[in-house]
Amino acid sequence: MIQFLYLATLGLHAVFVGYVAAGTVYVAVQAVRHADDPIADATRVRLPFMLGVGITAGVAPLLFVQLLHQRRFYTANLLLGPRWMAVVPALVVGFYALYVVKQLPRWRVAAAIVGSACFAFVAWSWSELHDLMLADARWAEIYAAGERTFIGAGVAARFATFAGGMATLFAAAACWQSHGPARRLAAIALAGRALSIGGGAWLVARGFDATAAGATWPIVLVVATVADIAAWAVLAATPRRDGALTAATATGVVVLAAALVVREGPRLALVEPDHPLAAGAGGAVAFAIAAILGTLAIAWIVRTVRTVQE
Amino acid sequence: MSPLDSPIPYFPVNDFGPAMKGMVIGGVGIVHVFLAQFAIGGGAMLLYFERLAQTKARSANADRAASPEAMRSSIEPNARRFVDGFFPVLVLVSFVLGALTGVAIWFTTIEVGARTIGLMIDRFHWLWAVEWVCFSVEVCAGYAFYRCGKQLSDATRLKLLALYAVASWLSLFFINGILSWQLTPGDDPTGGVWQGFFNASFWPSLGFRTIVALALGALAACVVINTMDLTRDERAALIRRAARLATPMVAMPILGVWYFAVIPADSRQWILGGSIAMTMFVGIAGGASLLIGAYVVIGLVVKRLYVSGATATLLVALAFGATAAGEFVREGARKPYTVRNVLYSTSITPAEVAGLRVHGATAGDPYPLRDADRYPNDQLKRGALVERALCDACHTMHGANALADLASTWTDEQLRMNIAKLQKTKGFMPPFAGNADDVEAIVQLMKWEIAGAPPQWPTTDDPKQHALIARWLDEAPP
């Protein structure tokens, strides 16, 4: 149950932060080009809100990972130390940079570049932390050396995989939200998929076991990715077909889910046995009730906002 | 050997230079608590003012967005301007920064006491997840109102603000149960989750925090109202309304007495004179709250005085000081535990101390020293490992709360006995979780540091001293 919740909330978090990270880069590129771009205009307005929701959504997987991999997570945090904690000021700076991007055209280029750098740093740090959690045989040596970075075999490949995924997530969300040129967003989505495929292949070449969660998931991932690419290709060719966007979104959701499971596969065997206190902890019913009521409340809020906007 | 193989979870220890770890978590924690409580009080303030704006206006313009004419018939004509003005932005900023400092607290707590936060997660993860749901609703409602509030009907505005206010208060409700459990977990810390959640200090603590949140909302509102383009009389009317939400401060003394009555006797003793630093901080928190409460209740509500923007800002700063002092006391009152009777501030359980007394404090520590070459002999290296494992959570060697300063005038015999009988030396210290060799090693380390860390230092190996230390350890069992 905890593993399911971890993956589900991580997926939710990925959608929002993917939009923010890739969207900020897109806005930065368009600002540098001084392009009059409806996609960038729409994205700029939404970025602060999306980051706020993304950070909030990120609290849940942060909670659940502490149950599944407590000692590994805490140790990796501590080994990276102050360098790891720098993700918080980076997020603060990034958040306010997004407001500057939104409100102050004069500073837009600089703020968008600063924001992009902040979010790239945070994403890289998470990739680093993930790999360091798995490298328990090297922890003592890393600690003794006082190293604050971990350039393990898979960090760059992991980062590339997820950077590509973020670009595709942004393209899908922006496509639904804006009336801009879908062809350009389809091109971004396809470039993102290419980057992810390259990063994934690099990870596997470096020894990543894609079948650790079972042979089915990598197959699902590959099939869904192929279908996703096809849907985006159709959209690039005939941008007014809503059916293609719906298909791209559906396949994108499957790609995200399968990618998360494949990503977690090697860590499945490392999940800590239930701690004595955690095993007997009650409150699951309270959470279930809260989750239902909270979902209903958020659904009402979304409906209210949409009604007003329409 | 992987560090994961150790039965006692040892974690890498980071050094923050001259800052003790309590200062690091305190710095982040106080800012977070202040922002989060303001976001809660701010939500209640918005709801209250929206209610004021719609009272009477509703009869003139039912179920539609209120027109300017209708607003003029409200019992508080400028309330809507306040709700739609700068204040929501302030609330928005505070809850985003509150969220970020909340994440920062998590990371900082891991830095300072990984085992403590792990224990709390184990115990309360489902309720923490409930708190996350409440916070998610709060964020969505807050953003929705910020973005679309002006376009909504009266009824929807009220519902949205009520949702925000209730969700934000519920997040306080749940986090309060988890935090108060640390000091008053009850007789069975591993018992049912609700028994732990509704612990002895839950209700007074919840009441206190709720009142503080309302007061912070009211004070910040007074600052904002002074920036609004209104006549002095119009501002005075709004200030009087805002001040009403701070009037529950009159209940603070009762809640304070209730809180002191239910916390453990030794914690109460530290606060009420046993530890002069804690007593002074209680005095600062209580005194500042009294001043704010008296000003608001007597000055603003009873005497209907006006408060300027400068004075209101000063009151907010005073409230920040009171929050800081109160949080210091709340954290300090738990000593020598981080979770009462369950985990010492050294991240060692009472049950583990006996084993460490036999095998040594660092026998299972998989992490080597980062600066082993600095020490002239192996005994000092061992002392440095012991210091890292048992002292570093609350002390530094030469910075804040420095061991070298605390013990600089002690004789060798005092050093050995005071450390061996640590919990008897000072009641808020945990028992020494090591053997006689560990005591001698840290004694030599402290003497060496006090002497200025000379390049040569003799190793001590006196069987009589060893036996004496062992006897003192036996006289102070865990």
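Author: Two residues are in contact if their C-beta atoms, placed from the backbone, lie within 7 Å. By that rule B:K21 touches B:F16, B:V112 and B:A393, leaving aside residues up to four places away in sequence. Please keep in mind that this is a predicted model.

Reader: Thanks, that helps. Where does B:K21 lie?

Author: B:K21 belongs to helix α1 of chain B, residues 21–54.

Reader: What makes B:K21 count as buried?

Author: The label calls for 20 or more other C-beta atoms within 10 Å. B:K21 has 23 C-beta neighbours inside 10 Å, so it counts as buried.

Reader: How far apart are B:K21 and B:I298?

Author: From C-alpha to C-alpha they are 41 Å apart in space, and 277 residues separate them in sequence.

Reader: How do you know what α1(B) should span?

Author: The rule is 1.5 Å times one less than the number of residues. For the 34 residues of α1(B) that comes to 50 Å, and the end C-alpha atoms are 50 Å apart, so the two agree.

Reader: Why is α1(B) called mostly covered?

Author: Of the 34 residues in α1(B), 27 are buried. Just after the helix, B:K56 takes a positive phi of about 75°.

Reader: What makes the phi of A:H34 worth a remark?

Author: Most residues other than glycine have a negative phi. A:H34 is not a glycine, yet its phi is positive, near 55°. You will find A:H34 in the loop between α1 and α2 of chain A.

Reader: What about B:S347: buried or exposed?

Author: B:S347 has 24 other C-beta atoms within 10 Å, so it is buried. It also has a positive phi, about 65°, although it is not a glycine. Its place is the loop between β2 and α14 of chain B.

Reader: What kind of peptide bond runs from B:K335 to B:P336?

Author: A cis one, with omega near 5°. As background, most peptide bonds are trans. B:P336 sits in the loop between α13 and β1 of chain B.

Reader: How do α17(B) and α20(B) pack?

Author: Two packed helices are described by the angle between their axes and the distance between the axes. Here the axes of α17(B), residues 412–420, and α20(B), residues 463–475, come within 8 Å and cross at roughly 35°. The crossing is right-handed. On one side are B:R416, B:M417 and B:A420, and they meet B:I469, B:W472 and B:L473 on the other.

Reader: How many residues does each chain bring to the contact between chains A and B?

Author: Chain A brings 51 residues and chain B brings 53. On the side of chain A, α12(A) gives the most, with 12 residues. That side of chain A divides into 35 nonpolar, 14 polar and two charged residues. For the complex, the predictor gives an ipTM of 0.90 and a pTM of 0.90.

Reader: Finally, how confident is the predictor in chain B?

Author: The mean pLDDT of chain B is 89, and 95% of its residues reach 70 or more. Among its elements, helix α2 of chain B, residues 57–60, has the lowest mean, 52, while helix α19 of chain B, residues 436–450, has the highest, 96. Chain B as a whole has 20 helices and two strands, and 53% of its 478 residues count as buried.

How values were computed. Residues are numbered from 1 along each chain as its sequence is written. Chains are lettered from A and ligands numbered from 1 in the order in which they are written. This is a predicted model: local features need pLDDT of at least 70, side-chain atom pairs count only at pLDDT 80 or more; totals for chains, interfaces and linings use all residues. Helices (H or I, at least four residues) and strands (E, at least two) are DSSP runs, numbered from the N terminus. A residue is buried if 20 or more other C-beta atoms lie within 10 Å of its own, exposed if 12 or fewer, and partly exposed in between; C-beta atoms are placed from the backbone. pLDDT is the predictor's confidence in each residue, from 0 to 100. Axes are lines fitted to C-alpha atoms, for helices over the stretch in contact, and angles run from 0 to 180 degrees between N-to-C directions. A crossing is left-handed if the near helix is turned anticlockwise from the far one by less than a right angle, and right-handed if clockwise. Ala, Val, Leu, Ile, Met, Phe, Trp, Tyr, Cys and Pro count as nonpolar, Asp, Glu, Lys and Arg as charged, and the others, Gly among them, as polar.
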